[in-house]
Amino acid sequence: MIQKGLAAYIREQLRNGYKIEALRQAIIQQGYSHTDTEDTINSVIGVSAAPVQPIEPPHKKLGFFQKMENVLFHPNKFFSDVKTEGIRPSVIYLLTFTFLFMVFFSAVIIVASTQISPIELNVLTFTIITITLSITFIFFFASIIIWILLESAFTQSIAKLLGGKGTFADSVKAMTYSLTPFWLTMILLAIVVVPTIMFLPDFFNLNGLTEQPPDVGSLGIAGLFFSLVMTIAVIWTLIINVKGLGILHGKSAWWGLAVLVLRTIIEMIINAIIGFLLIFLIGAFITALIGAAISTASSGSLTLPGPLA
């Protein structure tokens, strides 16, 4: 407890040139408690008796839907919060979205198939569908993971080249979480498509697919709607991606955009080179086959005897 009379005494002695340590010993020798002495001295010299360091509260672990909301509407805060997060939560988040999409996409395929060509669902048919979907799920999951890791590694290389401070895990997080608008849009479209196929099959002209070309008007409306929604999703994904890259690598969103643009240009160049090489190799192979065929035909041709003398 602070003793006011003692505080006045300490101030006066400090003005007279005495040191704090000497005053502390003298005060304790006079019978004051150690606590009262320290509290009073600290109040005089302007130090809190029990200095409290500001402790940043730990970030609350977000669930799947909370992450989705924060990524979509508060990307800056979200990526700042997940800076210390490992790579595992982002991969689980991605696989959850992938699983949900595959479930709804499978429902669309099954419902559309039954509308186009009704089938009798027996044990054999159910088994075939289950095995096919299971294999598709596994292949799709593996493809998504491999694609994410390769793209993230390429992005990380370019980010380091441009002075990025983040790690490979940061590039993975930026990419996986930024895909939220894309996956969400695909799932929502599937949810819309399934009831439409069931109750409004003429909208997609499913009943006429096996007999005549699709109705241009119906497909035009559906195609325009899907194209508009997907365009919005892609732009939204790009915005989140550049913000995530910038924050996780200690840079700006414009820096993140530069990384993605450079990555896209390099990928286009690589794809063009690979395509040229494939065309060249295929052309050389076909030329060799034609040359071999001509050579075989020439060596196997019959020589007619000349006229008798």
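Visitor: Which residues do ring pairs link into a cluster?

Guide: This is a predicted model, in which local features need pLDDT of at least 70, side-chain atom pairs count only at pLDDT 80 or more, and totals for chains, interfaces and linings use all residues. Residues are numbered from 1 along each chain as its sequence is written, and side-chain values use heavy atoms, with hydrogens and water left out. Rings of Phe, Tyr and Trp (its six-membered ring) pair if their centres lie within 6.5 Å; planes under 30 degrees apart are stacked, over 60 edge-to-face, and the rest tilted. The cluster linked by ring pairs consists of Phe 64, Phe 65, Phe 78, Phe 79, Tyr 93, Phe 97 and Tyr 177.

Visitor: Are the planes of Phe 78 and Tyr 177 stacked or edge-to-face?

Guide: The structure holds 12 aromatic pairs. For Phe 78 and Tyr 177 the ring centres are 4.9 Å apart and the planes stand at 85 degrees, so the pair is edge-to-face.

Visitor: Which parts does the pair of Phe 78 and Tyr 177 tie together?

Guide: Helices are DSSP runs (H or I, at least four residues), numbered from the N terminus. The two residues are 99 places apart in sequence, so the pair ties together helix H5, which holds Phe 78, and helix H8, which holds Tyr 177.

Visitor: Is Tyr 177 buried or exposed?

Guide: Buried means under 20% relative accessible area, exposed over 50%, and partly exposed in between (1.4 Å probe, protein chains only). Phe 78 has 2% and counts as buried. Tyr 177, at 0%, counts as buried.

Visitor: Which residues touch the most other members of the largest nonpolar core?

Guide: A nonpolar core is a set of buried Ala, Val, Leu, Ile, Met, Phe, Trp, Tyr and Cys residues joined through side-chain atoms within 4.5 Å. The largest has 32 residues, and helices giving two or more of them include H4 (64-73), H7 (123-161) and H11 (253-299). Those touching the most other members are Phe 79, Phe 97, Ile 148 and Trp 183.

Visitor: Which residues does Phe 97 touch, not counting those up to four places away in sequence?

Guide: Contact means heavy atoms within 4.5 Å. By that rule Phe 97 touches Phe 64, Met 68, Thr 180, Trp 183, Leu 184 and Ile 187.

Visitor: Which residues are included in the second, separate core?

Guide: This core has 7 residues. Among them are Leu 6, Ile 27, Ile 41 and Val 44.
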